[in-house]
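The sequence and structure are shown first.

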2 protein chains.
Amino acid sequence: MTKELVFGHQNPDTDAIAAAIALAYLEKQDGYETEAVALGPVNPETQFVLDYFGVQAPRVVNHAQPETDQVMLVDHNEPQQSIADIAELKVTHVVDHHRISGFNTAQPLYYRAAPYGCCSTIITQMYSEEGVTIPKEIAGLMMSAIISDTLLLKSPTTTDVDRDALQALAEIADVDNYEDYGIQMLKAGTNVAAKSAQELIDSDAKSFVLGGKNVRIDQINVVDLADVNARLTEIKTAMKTEADAENYDLFLVLVTNVLTSNSELIGVGEPQDVVAAAFGNQFDENDVMQLPGVVSRKKQVVPPLTEQLQPTK
Amino acid sequence: MTKELVFGHQNPDTDAIAAAIALAYLEKQDGYETEAVALGPVNPETQFVLDYFGVQAPRVVNHAQPETDQVMLVDHNEPQQSIADIAELKVTHVVDHHRISGFNTAQPLYYRAAPYGCCSTIITQMYSEEGVTIPKEIAGLMMSAIISDTLLLKSPTTTDVDRDALQALAEIADVDNYEDYGIQMLKAGTNVAAKSAQELIDSDAKSFVLGGKNVRIDQINVVDLADVNARLTEIKTAMKTEADAENYDLFLVLVTNVLTSNSELIGVGEPQDVVAAAFGNQFDENDVMQLPGVVSRKKQVVPPLTEQLQPTK
């Protein structure tokens with residue numbers, strides 16, 4: 001049996017870490033030799049979660065080879081969001097809740113996707129289908145992932161399946177009031193003052209190829225939009241420098257107030273007019289667009305941009 | 001609720017038809033408004049199955065629009081094997097047991113794949129997970145699909161999950177001896193004499209893009225390889241004409257003896273030397289290569305060709 005690494009996307013968030021740990025455990029019960037790893041250090045929100053449930057952060061890796069050439073992906077499928085040597089690896093399993101894009105294999109594989117708010121929700125279903133008991137601390141991690149991805153069930157990505165999974169996981173994890181816990185957890189991830197501009201634009205950033213353009217989209221969670229606006233010049237300079245260095249045509253940062261569920265979008269690079277058209281809205285003179293009610297990059301940002309940049313399906 | 005069409009690949013085989021009917025029924029229980037359709041007329045094997053279990057052949061369609069713009073795919077995902085207007089449609093569900101290639105979406109969706117011998121095996125699992133009783137005639141169709149795709153469990157694509165599903169389905173379908181039934185069914189699909197050369201090279205053909213080449217691969221099931229060899233000149237002429245007309249760089253026809261599990265490969269177009277290298281074998285002066293023990297296009301033909309034509313992962 002070949003050892004397989006199990007990991008989420010680059011710049012791991014709580015779901016990427018929780019889903020990797022949960023799938024690695026589940027597949028171990030099926031006889032696979034698995035290890036959950038991470039494509040980067042955990043963020044402050046995830047560190048809060050790991051500390052709370054007494055779980056160690058997964059080992060950080062950049063390459064799978066020479067250690068192994070078989071891997072399982074969670075919470076992503078697009079190659080540019082994955083491990084550096086993904087093109088040389090055999091992907092045997094994917095569990096994901098995103099669009100499918102640029103993901104090609106030479107062989108049949110296990111692929112499990114559903115349009116739920118959180119990848120850990122799908123894995124919760126899989127435990128149930130396979131009759132595997134969820135260990136208490138893994139239930140705590142998956143519960144936290146659902147809270148994180150759905151902003152306490154307030155994101156439009158939230159489904160009834162996420163709601164049910166969150167209830168069930170909170171019970172197994174022995175968390176009496178998941179709302180109180182969730183607000184504590186979300187706040188732990190929003191300390192803007194403690195981060196450099198570079199850290200802010202990096203920490204939750206993902207790359208997309210949309211209509212032939214290299215698009216980078218970051219999301220910053222805050223409890224007060226003013227925290228970011230006060231540092232706008234500094235943040236935009238960091239975005240431009242990074243866009244030049246990494247060849248991004250367009251760099252967008254979605255700043256989301258996790259308490260009010262409103263966002264602002266900061267945009268540098270081109271085509272800005274296409275972004276404006278995608279949201280039926282305008283950037284102001286500081287390159288900031290108001291997006292009231294927008295909290296989901298996946299459901300409310302990537303689809304209209306995709307539609308505007310590469311109108312196909 | 002938008003009506004959704006559910007269909008398998010072009011040149012439908014028994015699994016493409018059975019899986020479409022079975023998934024359409026299952027999703028109806030979940031509240032979707034579905035209709036199973038087919039991207040072409042059923043083949044003689046499938047007609048035998050439909051007659052045996054008293055099911056009507058699905059309506060044949062070429063386009064989903066203007067009837068609907070939402071569809072569910074079974075037994076395929078590659079766009080060139082799908083409905084003509086696939087690029088304009090929203091795919092909400094996929095259930096498949098093939099490699100993933102060229103399949104991209106703008107939105108998250110339900111995707112369920114497993115490396116089993118038959119797509120209907122996955123759908124059998126889904127019925128069980130969702131606690132839905134399989135109607136007798138649908139069990140008969142799915143049982144037949146497993147027999148067809150695995151050549152009575154003899155193909156190397158066969159897994160224990162296929163074996164278990166076949167047993168369970170035969171019981172529900174009230175078929176006492178599925179081996180006897182299976183041989184009858186496979187023979188019904190192998191009447192080479194009744195078909196024109198054009199029909200022979202078309203009936204189970206699929207298109208692939210491999211290393212930038214347009215590759216067409218057909219499979220003909222026979223009970224005696226001599227039936228095809230006697231008509232080799234006629235068949236090769238039809239292959240060349242079709243390759244010219246449709247811009248195929250390479251046209252391969254895998255002729256499989258369903259009783260002995262051996263095949264011959266007929267090849268026209270280029271690069272023939274790459275095909276030879278892929279199988280570590282040679283075409284003879286009649287462009288025929290012996291492939292003893294090869295019965296699976298998916299597991300024994302496409303992967304070595306992919307590896308040879310576009311060595312990546």
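**Annotated domain**

UniProt positions are given in the numbering used here, feature names are shortened, and annotations may be inferred rather than shown by experiment. An unreviewed UniProt entry lists "domain: DHHA2" for residues 182-309 of chain A.

**Basis of the model**

This is a predicted model, in which local features need pLDDT of at least 70 and side-chain atom pairs count only at pLDDT 80 or more, while totals for chains, interfaces and linings use all residues. Residues are numbered from 1 along each chain as its sequence is written, chains are lettered from A and ligands numbered from 1 in the order in which they are written, and side-chain values use heavy atoms, with hydrogens and water left out.

**Salt bridges**

The structure holds 22 salt bridges over all chains (a side-chain nitrogen of Lys or Arg within 4 Å of a carboxyl oxygen of Asp or Glu). One of them joins K236(B) and D287(B) at 3.0 Å, N to O. K236(B) lies in helix 9 and D287(B) in the loop between helix 10 and strand 11 of chain B, so the pair ties together parts 51 residues apart in sequence (helices, H or I of at least four residues, and strands, E of at least two, are DSSP runs numbered from the N terminus).

In chain A, a network of salt bridges links K3(A), E35(A), R59(A) and E67(A).
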